[in-house]
Amino acid sequence: MFSPNSSFLYLITAVVLVLIAGQSVFFLIRAWRRAKVIGIPMATLKKTVISSAVYTLAPAVSILLGVIALSKSLGLPLPWLRLSVIGAITYETAAAASATNALGLSLGTLIDDPAAFLTVVWVMTIGIMLSLILVVLLTKRIETGMTKIRTRDEKWGGILVSSLFLGMISAFLGLVFAKVGEGLTGWIPVFVMISSMLLMGVCGALMKLLKWKWLLDYALPISMLGGMALSIPITHLVRTLAQ
Amino acid sequence: MDYRENTHRFGRFWVLTVIVLLLLVPVAIGLYYQVLPDWNGLWRGLLGVVPIFWTVGAIEVFTYTPMLGAGGTYLAFITGNLTNLKVPCVLNALQAADAKQGSEEAEVLSTVAVAVSSFVTMSVIALGVLLLTQIQPLIESETLQPAFDNILPALFGGLGVVFISKGWKIAVAPLVFMVMLFILVPSLAGSVGILVPVGALIAIGVSRILYRRKLL
């Protein structure tokens, strides 16, 4: 009898994860060595490691929640593999839902037919392949194009990249308002965003007033984790008021 | 060969290796269990995914590559979770180090940030899976649910303050446009990936006008 939690699937997952972890080690060592050559201080590198690790913790737990949610139909190894590397919760859930729907199954039931499971794996695999192919074909060209722009006009090159950042941030800040039409509870994400902004403001004030420069490394993780923590009483309060 | 050139050489090699490896996963499952996919289900499943996710995937390559640098791009697209994790993580790292975009320092630190973020993600998921029975009641508890439902507002709130305060003249137009768009058409929430380049194009257009008028 087929099980999506079989040892064979765990083995495949382990092989892919080890290889991709190896790739991360490879790039990390190269970047670290290069950093030393170009004179980036060890303190800056350490700060980058610590702040990136702290910043990743909460989103990683939310990705783990995605693994658990998908494991109800796909078992643990496949979501573990797909969400540790390559995928994102939005994509993997949509791909799994599309494939199970097409097979007349649901995401709430464990798949026990190997052909159906294989179909889902193929849909998830092919559905995300294009970006990887484009990365191979285009990364160097895009980077060369950006270098040309910077060489021609350094100031404009910097503004262009800042504009890309701001465009992305604007889209996600706009998204926060998507539920405001649903009434007071739809404002919860907006209140959480404002809390996170205020926390960042407080961090900025502390850095300026008390000269706490060390806080710069942790201001974004603090505002994110603080915003998440504050979302609990905010949700409770708003739901009470909305009743 | 210099560092950047080698980064592209190794990056392409690794991405191609991962493409082959990912394709081998379903091949191995099919061979091991002696089954073929349900072709009709496969076709219909792909129809529901490919039009939107191939478009988003293409957009992400063009939008995020200038932000992540070469090493960061190769690694981030393989390790996934770009929008909700890798890109903000790189912005955080570059902000903390005060590294100038496009500099070699930014390229190197971006790669370090993506690699560390990937390790932490893999470790958290591995630990979570191994300790699933112990931690599942906690992380799936109703009390903590709002925290995980609100990661994006919490993440982009703080990030927004930092970057908007640095470039508010550029940010106002795309920000107002996006807020109005999502209030008027909330169903677009599922297509935010496609709207990222729209925001970027508005920001670039505004900044070009301001730059030409020497207002930046």
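**Figure 1. The interface between domain 1 and domain 2 of chain A in a predicted model.** Domain 1 of chain A and domain 2 of chain A bury about 640 Å² between them, 79% of it on carbon and sulfur atoms. Buried area is the accessible area (1.4 Å probe) that two parts lose on being put together, summed over both. On the side of domain 1 of chain A, the residues that lose the most area to domain 2 of chain A are Val54(A), Tyr55(A) and Ala58(A), together 60% of what that side buries. Domain 1 covers 7-127 and domain 2 covers 176-242 of chain A, with bounds from an automatic or database domain assignment. Their C-alpha centres lie 28 Å apart. Seven residues from domain 1 of chain A and seven residues from domain 2 of chain A take part in the contact (heavy atoms within 4.5 Å).

**Figure 2. Packing of helices H6 and H7 in chain A.** H6(A) spans residues 129-152 and H7(A) spans residues 154-175; helices (H or I, at least four residues) and strands (E, at least two) are DSSP runs, numbered from the N terminus. The axes of H6(A) and H7(A) are 5 Å apart, and the packing angle is about 135°. Axes are lines fitted to C-alpha atoms, for helices over the stretch in contact, and angles run from 0 to 180 degrees between N-to-C directions. H6(A) is therefore oblique to H7(A); angles under 35 degrees count as roughly parallel, over 145 as roughly antiparallel, 65 to 115 as roughly perpendicular and the rest as oblique. From H6(A), Met146(A), Ile149(A), Arg150(A) and Arg152(A) meet Glu154(A), Trp156(A), Gly157(A), Leu160(A) and Val161(A) of H7(A).

**Figure 3. H7 of chain A against H7 of chain B.** H7(B) comprises residues 151-166, and the axes of H7(A) and H7(B) cross at roughly 140° and come within 9 Å. The two helices H7(A) and H7(B) are therefore oblique to each other. Residues of H7(A) in this contact include Phe165(A), Phe172(A) and Leu175(A); among those of H7(B) are Leu152(B), Phe156(B) and Phe163(B).

**Figure 4. The helices of chain B.** Chain B has nine helices and zero strands. Along the principal axes, the C-alpha atoms of chain B fill a box of roughly 65 × 55 × 40 Å.

**Notes.** Residues are numbered from 1 along each chain as its sequence is written, and chains are lettered from A and ligands numbered from 1 in the order in which they are written. In this predicted model local features need pLDDT of at least 70, side-chain atom pairs count only at pLDDT 80 or more, and totals for chains, interfaces and linings use all residues, while side-chain values use heavy atoms, with hydrogens and water left out.
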